[in-house]
Amino acid sequence: MAKRNGSGNTSTRTLQEQFRGITLLSHALVGIHALIPLFVTYPPNINVIVTAAIVVFCGCWRSVKSEPPTESMSKKDAYKFPLVGSVMLFGLFLAFKFLPKDIVNMVLTLYFILLGTLGLVATVDPLLGFSDADLLRKQREFKIPGIPVVLKDGLEFEFSLLEVVLCIPAAGFCYWYWQTKHWLANNILGIAFSLQGVEHLSLGTVQNGVILLCGLFFYDVFWVFCTPVMVSVAKSFDAPIKLLFPKELAAAEFSMLGLGDIVIPGIMVAIILRYDVQKHLVTPKQTSTGKPRLFYSCFLGYVIGVVATIVVMNVFKAAQPALLYIVPSVLATTFLHAYMNGEAKTLFYWSEAADNAVKKEDASASSDDARDDDDDNVTNMETKTPNQSRVTRRSVVSRAP
């Protein structure tokens, strides 16, 4: 059980230790499930649903931190995201159409191999159980001096010895992917990217998440139904930006799921989990159950959306924009539950940074109050000491023969 401090709040350090069990279990499920198609024929439709669900679930629990992210998405960023995404998507479409596809894929593959190495290290590092005080975790700085015109200010890097050690097998794994393009290697890299995205991409506020999801709802519908761009890029892009699900052991044909259909809804589910943690675990009210509530509704909405995508795709035998089904499902289940709890408005305007600032102020005030109480107790003791001494002396004298 989590311990509470004097102000009634749950210790964040204790919470992280409490979550370690469920985090490790979810990672184990992700790893074991990824290997199943190697040994048995696994229906790809079920594989898509289960993989998406457990990756989002795992990434959400990884996202619970002692402090909110130092950088998060602003409302302006949320509004612009679909437009920026559209420009990048159409740019890739033009690159594959007018440039040699092999060259484009080689450049992108090299880029993703570098990202994959870093992503694998960042995914595995927290699971090894080393504390920040360990020598392997000690951060070291490395600075690249400035280069006129090209790099005026230079670059600074921070890394630990553990990260350097982990880079060796991670780079070897990425090399294996580069040489074979095996679907399992592709999926492991894609899952690592997804976990890192859900863990580290912060919406800042739930309101920003609603704006982002609504914008990408129309983005996905337009580029899938109104143009051939999205499907064309997905099929041409030979890099781990999508998960592949073999339809049989021979792995000749695959079903696909884009990482965006995991990460984008996943960061919304993650912020709902962090809302639950703050409201019902860190600073619980007397009526709180002490357990995440809205998170499970939001997560259920995501699973329902993925299932709906698969069903419609099989009925119409055509590619479907997953966010068309995921976004309404996630928002409906989350805010319906919040409305029933009487906290829909509180949820919509909740901000991680603001909530953390209030928590720090409360902790500071509690600390000041405790210090004042200690000072008062010391003063009272000093005031009472002479009287107590006289009483003691009189008692001694009265007992003397």
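Mentor: Start with the part to set aside. Over residues 385–401 the pLDDT stays under 50, and the model has zero contacts there beyond four places in sequence. The pLDDT is the predictor's confidence in each residue, from 0 to 100. A contact means heavy atoms within 4.5 Å. This is a predicted model, where local features need pLDDT of at least 70 and side-chain atom pairs count only at pLDDT 80 or more, while totals for chains, interfaces and linings use all residues. Residues are numbered from 1 along each chain as its sequence is written, and side-chain values use heavy atoms, with hydrogens and water left out.

The chain has a mean pLDDT of 82, and 76% of its residues reach 70 or more. Residues 1–12 have a pLDDT below 50, yet this stretch has 22 contacts in the model beyond near neighbours in sequence.

Now the pairs. Side chains of opposite charge can pair when their charged atoms come close. Here a salt bridge is a side-chain nitrogen of Lys or Arg within 4 Å of a carboxyl oxygen of Asp or Glu. That rule gives six salt bridges.

Take Lys-181 and Asp-238. Their closest N and O atoms are 3.1 Å apart. This pair links distant parts of the chain, 57 residues apart. Lys-181 is in the loop between helix H5 (161–180) and helix H6 (183–200). Asp-238 is in the loop between helix H8 (229–236) and strand E3 (242–246). Helices (H or I, at least four residues) and strands (E, at least two) are DSSP runs, numbered from the N terminus.

How covered are these two? Buried means under 20% relative accessible area, exposed over 50%, and partly exposed in between (1.4 Å probe, protein chains only). Lys-181 has 28%, so it is partly exposed. Asp-238 has 35%, so it is partly exposed too.

Next, Glu-352 pairs with Arg-274, with the closest N and O atoms 2.6 Å apart. Glu-352 lies in helix H13 (residues 352–399) and Arg-274 in helix H9 (residues 260–282), so the pair ties together parts that are 78 residues apart in sequence. Both Glu-352 and Arg-274 are buried.

Glu-253 forms a salt bridge with Lys-247, and the closest N and O atoms are 4.0 Å apart. Lys-247 is partly exposed, at 39% relative accessibility.

Salt bridges link Arg-62, Lys-65 and Glu-199.
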